[in-house]
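Work through the exercises below with the model open. Try each task before you read its solution.

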Amino acid sequence: MGMLAELTHRCPLSCPYCSNPLELERAAGELTTEEWLWTIDEAADLGVLQIHFSGGEPTVRRDLERLIARARERDVYSNLITAGVLLDRRRIDALAAAGLEHVQLSLQDSRSASADAIGGYRGGHEKKLAVAGMVRAAGLPLTINAVVHRQNLHRLEELIDLSVALGAERLEVAHVQYYGWAYANRAALMPTRDQLDRATDTVEAARDRLKGILGIDYVVPDYYARRPKACMGGWGRRFVNVTPVGKVLPCHAAESITDMTFEAVRERPLAAIWEDGPAFERFRGTGWMAEPCRSCDRREVDFGGCRCQAFALTGDAAATDPACSLSPRHGHMVALAKSESGADRRDFVYRSMSRREHFGRGSSAVLRPPADGSGSPEK
Ligand code: SF4
Ligand code: SF4
C-alpha cells in the first residue's frame, strides 16, 4: 500500500492544473506534528510501505524532517514530491539525514519564461534546475515530473533532454488530469490530437535511445483514450490519501465528488476508516457497478475508470468513466476534446487560496503566458 500525505495546501506556485481542490485548506487547520506522527504510525500498522510527502508544497512544513524520520523508524519508504523552489543544500542534506529516500521534482516546462508563466512564479525554473543538482549531489535518486498540456507539449523533446542533463533516473510525462483547477482551465490546456500523436512518437523514440539512462512513464490522456485507466489501481484497494486537515480519501481528487463526505484521522483510526469507512466502501470492488461495466470482462482490470472524471462529466460518480468507448457519454468526451483543444484560449485561471481571487488577481508573482507566443503550440 502507498499513502499520499498532503501535508499542506500552501504553495508558492499557482499552477493552473493543480490537483488540489478548488477550496484550499488554510494553515490553521493543518494536522499538527504530533497528529502526523501518529498518522504515520497508523499507516505503518495498516501495511503502508511507502509514503509520498506532498502538498501543496510539503517543504513549507518545518517539521518535515521529523515526519520523514518517523517513516524511516517504521521502515516505510519516503518520497518527497516538491516544486523545489524553497529548498537549498542545507535543507536537502537535513532531509537526507532524516531518512528521505527519493525526490520527485516538478518542472512546468523546459524554458524559464514559459515555465515561470505556467507556474505563476518568477525565477522558479532556474531555482528548480539548481535544486535538481543539489538533490543529486546529496546522493538522492531524482524523478522529474513534467506535467504536459497544449502550451508545452511541443517542447517534450527538450524536457526529456533536460531530465537527462539533470541526472534524473526517471521522467514522468504526466498529461493533465481534468478535474479541479485543470477542469476550469481545460480550454487553455487540452492538447490537440496531432500534438498527442507526436508526443507519443517522441516518447517511444526516447525510450529506445535512453535505455538504461532514463526511464520514462507515459500514459495516453483520458480524453483521447478508448479504455480508461485503473484509477488508483482500483478504489480502496492499495492507495490512501490524507489531506492537510486529516481527511482520508481513496484518491487525491475525491473531494471533487461533491456528494461525498470523508472521515478524518482526528475522528477515527486510519485502519477503521480504511476497513469500513463509507467513502471507501462506496466504490470498492465491483458490486456498485451498473451496465456496461457490470457485465464487462475488464471490470476487474480498470474498475470502471476514474470516479472523479465520471462525476465531473456526467454528474454521477457511479457512471462508467466517459473515457471508455463503451460509455454512452464517450462521444460527448470526444467532442469535448476536439472543441477544447481547438479553443483560442491561452490565459489561465491560476490556483489561489481563495476561489474569489481567480479573476483579476493582481499579485506581481503571477505571470501571464509570454506575449511573444513562446507558450503557443506553433513555436
Ligand atoms: S501543482 Fe503547482 S500549485 Fe499545485 S501544489 Fe504543485 S507546484 Fe504547487
Ligand atoms: S465498460 Fe466499464 S469495465 Fe468495461 S472497459 Fe469500459 S470502463 Fe472498463
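The exercises move from the whole chain to single residues.

This is a predicted model: local features need pLDDT of at least 70, side-chain atom pairs count only at pLDDT 80 or more, and totals for chains, interfaces and linings use all residues. Residues are numbered from 1 along each chain as its sequence is written, and chains are lettered from A and ligands numbered from 1 in the order in which they are written.

**Exercise 1. Confidence**

Task: find the mean pLDDT of the chain and the share of residues that reach 70 or more.

Solution. pLDDT is the predictor's confidence in each residue, from 0 to 100. The chain averages 91, and 93% of its residues reach 70 or more. Next, look at residues 356-379: there the pLDDT is below 50. In the model this stretch still has 39 contacts beyond near neighbours in sequence. Two residues are in contact if their C-beta atoms, placed from the backbone, lie within 7 Å.

**Exercise 2. Overall fold**

Task: compare the radius of gyration of the chain with that of a compact globule.

Solution. Start with the rule: 2.2 Å times the number of residues to the power 0.38, with the radius taken over C-alpha atoms. Along the principal axes, the C-alpha atoms fill a box of roughly 55 × 50 × 45 Å. Now count elements: there are 14 helices and 9 strands. These are DSSP runs numbered from the N terminus, with helices H or I of at least four residues and strands E of at least two. Finally, take contacts between residues at least 6 apart in sequence: 72% join residues at least 24 apart.

**Exercise 3. The core**

Task: state which residues have the most contacts inside the largest nonpolar core.

Solution. First set the burial scale. A residue is buried if 20 or more other C-beta atoms lie within 10 Å of its own, exposed if 12 or fewer, and partly exposed in between; C-beta atoms are placed from the backbone. By this count, 47% of the 379 residues are buried. A nonpolar core is a set of buried Ala, Val, Leu, Ile, Met, Phe, Trp, Tyr and Cys residues joined through C-beta atoms within 7 Å. The largest such core has 103 residues, and I51, F53 and C308 have the most contacts inside it. Leaving out residues up to four places away in sequence, I51 touches M3, A5, I40, A43, A71, V76 and S78.

**Exercise 4. Helix α4**

Task: explain why α4 counts as largely enclosed by the rest of the structure.

Solution. The buried ones are S114, A115, D116, A117, I118 and G119. Their cover includes β4 (102-107) and α5 (124-137). After α4 comes G120, with a positive phi near 65 degrees.

**Exercise 5. Ligand shells**

Task: classify the residues around ligand 1 and ligand 2.

Solution. A residue is near a molecule if its C-beta atom, placed from the backbone, lies within 6 Å of it. Ala, Val, Leu, Ile, Met, Phe, Trp, Tyr, Cys and Pro count as nonpolar, Asp, Glu, Lys and Arg as charged, and the others, Gly among them, as polar. The shell of ligand 1 has 5 nonpolar, 5 polar and 2 charged residues; among them are C11, C15, C18, G55, G56 and R351. Ligand 2 is surrounded by 14 residues, the closest being C293, C296, R298, C324 and L326. That shell divides into 6 nonpolar, 3 polar and 5 charged.
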